[in-house]
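Please look through the sequence and the structure before reading on.

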Amino acid sequence: MTTISTIENERASGQPLVLRTEPDRNCPLCPRLAGFREAARAREPEWFNSPVPSFGDPDGRLLIVGLAPGLQGANRTGRPFTGDFAGDLLYATLLEYGFAKGVYKARPDDGLTLVDCRIGNAVRCVPPQNKPLPAEINICRQFLSATIETMPRLRAIVMLGRVAHESTLKALRLRSAAAPFAHGAIHQAGTLRLYDSYHCSRYNTNTRVLTPEMFRNVFAKVRADLG
Ligand code: SF4
């Protein structure tokens with residue numbers, strides 16, 4: 001069952017503002033993705049097949065933003081980046097730089113925990129061919145925005161790929177022209193430091209667009225900056 005997390009803030013007017021960080025299990029806002037989700041539930045009833053919640057510490061200083069759940073990765077297991085190739089590289093790197101502890105076994109019950117770190121996605125539901133539509137990215141941003149706004153100690157965001165980069169900038173109400181995407185680029189936004197990386201997908205690593213060393217260098221920089 002998907003957990004629905006909310007947090008109440010006070011608006012200047014004194015009216016409570018409810019920020020919803022996790023969508024409903026049957027979120028209907030993207031009809032195409034809801035249909036894809038339903039088809040997956042019928043085909044693979046043992047899989048998670050729901051919007052994948054963020055994983056990790058809401059009080060963490062680091063947030064990692066991915067694209068969307070992979071069909072046989074997070075969509076199957078219910079934990080971001082868990083169960084597919086992208087998770088192998090991401091979690092190995094987080095363990096190396098002290099942002100995770102335990103042993104990653106590609107299962108949500110492997111006991112792995114994140115340290116000072118949280119992982120989420122720009123789009124919470126699995127999209128066909130890993131390609132969400134612009135309207136789907138836009139409408140799901142409300143959950144990314146709420147996630148960012150409810151991390152009081154947040155200092156660093158690693159954005160995996162161009163879609164995560166663009167959606168995170170919009171969530172922060174920043175102009176993308178002021179911070180163009182490039183692997184290894186770092187952007188400062190007030191107290192937040194934003195780090196760009198190519199997505200750690202199997203395609204990117206197989207084609208050597210992203211090597212493990214390039215990926216490690218991003219997290220080495222984050223570790224050095226956060227101390
Ligand atoms: S992608 Fe996001 S907004 Fe769209 S249906 Fe899923 S949870 Fe809802």
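The charged end of R223 lies over the ring of F99, 4.0 Å from the ring centre; a charge sits over a ring if NZ of Lys or CZ of Arg is within 6 Å of the ring centre and within 35 degrees of the ring normal. The model is predicted, so local features need pLDDT of at least 70 and side-chain atom pairs count only at pLDDT 80 or more, while totals for chains, interfaces and linings use all residues. Residues are numbered from 1 along each chain as its sequence is written, and side-chain values use heavy atoms, with hydrogens and water left out.

**Aromatic contacts**

- A search of the whole structure gives 3 aromatic pairs; rings of Phe, Tyr and Trp (its six-membered ring) pair if their centres lie within 6.5 Å, and planes under 30 degrees apart count as stacked, over 60 as edge-to-face and the rest as tilted.
- One of these is the stacked pair of Y91 and Y104, at 4.6 Å centre to centre with 25 degrees between the planes.
- This pair links distant parts of the chain, 13 residues apart: Y91 belongs to helix α3, and Y104 to the loop between β5 (100-101) and β6 (113-114). Helices (H or I, at least four residues) and strands (E, at least two) are DSSP runs, numbered from the N terminus.
- Y91 and Y104 are both buried; buried means under 20% relative accessible area, exposed over 50%, and partly exposed in between (1.4 Å probe, protein chains only).
- F181 and Y198 form a tilted pair, because their ring centres are 6.0 Å apart and their planes are at 55 degrees.
- That pair also links distant parts of the chain, 17 residues apart, with F181 in the loop between α5 and β9 (186-189) and Y198 in the loop between β10 (192-197) and α6.
- F181 is buried at a relative accessible area of 11%, whereas Y198 is partly exposed at 30%.
- Y91 has a further contact: the charged end of R79 sits over its ring, 5.5 Å from the centre.

**The largest pocket**

- The volume of the largest pocket is about 820 Å³. On a 1 Å grid over the protein atoms alone, a cavity is a set of points where a 1.4 Å probe fits but cannot get out, and a pocket is an open set with protein on both sides within 12 Å along at least five of seven lines; lining residues have an atom within 4 Å of a point.
- The pocket is lined by 35 residues, and those closest to its centre are L67, A68, N130, H199 and S201.
- At least two lining residues come from each of α3 (85-96), α5 (162-171) and α6 (202-206).
- By class, this lining has 21 nonpolar, 10 polar and 4 charged residues.

**Cavities**

- The whole structure contains 2 cavities of 30 Å³ or more.
- The largest cavity has a volume of about 90 Å³, and its lining residues include C27, C30, C125 and C140.
- α1 (31-43) and α4 (134-149) each supply at least two residues of that lining, and α4 gives the most, with 3 residues.
- The lining of the largest cavity has 10 nonpolar, no polar and 2 charged residues.
- The second largest cavity has a volume of about 30 Å³ and is lined by S54, L63, G120, N121, R124, L144 and T147.
- β7 (117-121) and α4 each supply at least two residues of the lining of the second largest cavity, which divides into 2 nonpolar, 4 polar and 1 charged.

Definitions and conventions. Grid points are joined across faces, edges and corners, and a volume is the space filled by probe spheres set on the points. Ala, Val, Leu, Ile, Met, Phe, Trp, Tyr, Cys and Pro count as nonpolar, Asp, Glu, Lys and Arg as charged, and the others, Gly among them, as polar.
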